[in-house]
Amino acid sequence: MVPSDCKALIKRFYQLQSERIETYQLFEEGHEAYLRTGPHYDFEHYKQLVNEITQAFSGISKEVLEIKARLHRDFDRADLSEHIEKLQSKEKQKLELTAKLQLAKQQAQDQPEDEGCQERIQELKHEIIKNKEGLSEIMQDFKYDSEECD
């Protein structure tokens with residue numbers, strides 16, 4: 001359910017971002033639990049988790065996109081809409097990087113003699129840090145520009 005006034009939309013947007021962070025934490029915890037089942041991985045359980053996480057992210061993104069459209073259409077806030085568009089792109093990239101990192105961690109666990117795996121893990125962690133910095137910048141810009149709705 002999408003709220004009807006600008007301030008409420010922004011509040012809901014922040015709630016959705018918090019839900020997204022919690023979903024990432026569940027995803028990471030689930031992957032760590034999955035790795036502990038190796039070398040005979042419990043793939044069915046992990047596949048179920050990935051499906052649930054995917055549904056959660058999909059629901060969050062759908063509602064964020066509704067808020068983006070409402071801010072632009074109903075409140076003439078193209079600036080906020082643009083911030084959300086940038087954020088969605090960064091979030092997509094973060095999810096892709098997270099999935100790559102999880103695969104790299106499993107590969108490192110399965111092939112401990114392959115030193116390239118550890119390098120790849122460090123590269124991906126660095127890319128995720130840069131991505132999170134970009135997300136923080138976008139959120140700061142959004143926060144600054146959205147204060148006019150108060």
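Predicted model: local features only at pLDDT ≥ 70, side-chain atom pairs only at ≥ 80, totals over all residues.
Local features were taken at pLDDT of at least 70 and side-chain atom pairs at pLDDT 80 or more, while totals for chains, interfaces and linings use all residues. Residues are numbered from 1 along each chain as its sequence is written, and side-chain values use heavy atoms, with hydrogens and water left out.

F27 is located in helix 1. F27 counts as buried because its relative accessible area is 6%, the limits being under 20% for buried, over 50% for exposed and partly exposed in between (1.4 Å probe, protein chains only). Leaving aside neighbours within four places in sequence, F27 is in contact (heavy atoms within 4.5 Å) with Y46, L49, V50, I53, L95, T98 and Q102. Between F27 and K86, the C-alpha to C-alpha separation is 23 Å, and the two are 59 residues apart in sequence.

The structure holds 6 aromatic pairs. Rings of Phe, Tyr and Trp (its six-membered ring) pair if their centres lie within 6.5 Å; planes under 30 degrees apart count as stacked, over 60 as edge-to-face and the rest as tilted. The pair of F13 and Y14 is tilted, with 5.8 Å centre to centre and 55° between the planes. F13 is buried, with a relative accessible area of 1%, whereas Y14 is partly exposed at 30%. Y34 and Y46 form a stacked pair, 4.4 Å centre to centre and with 20° between the planes. This pair links distant parts of the chain, with Y34 in helix 1 and Y46 in helix 2, 12 residues apart. Both Y34 and Y46 are buried. One aromatic cluster is formed by F13, Y14 and F142.

Helix 4 has 32 residues and reaches 47 Å from its first C-alpha to its last, close to the expected 46 Å, where the expected span is 1.5 Å times one less than the number of residues. Its buried residues include I121, L124, I128, L135, I138 and F142. An α-helix has 3.6 residues a turn, so residues three or four places apart point the same way. The buried residues of helix 4 pack against helix 1, helix 2 and helix 3.

H83 is placed in helix 3 and is buried, with a relative accessible area of 11%. Not counting residues up to four places away in sequence, H83 touches I138, D141, F142 and D145.

For residues 80-107, UniProt lists "coiled-coil region" in an unreviewed entry; UniProt positions follow the numbering used here, feature names are shortened, and annotations may be inferred rather than shown by experiment. In the model this span is 100% helix and 0% strand, and its end C-alpha atoms lie 40 Å apart.

Terms used: Helix = DSSP H or I, 4+ residues; strand = E, 2+ residues; numbered from the N terminus.
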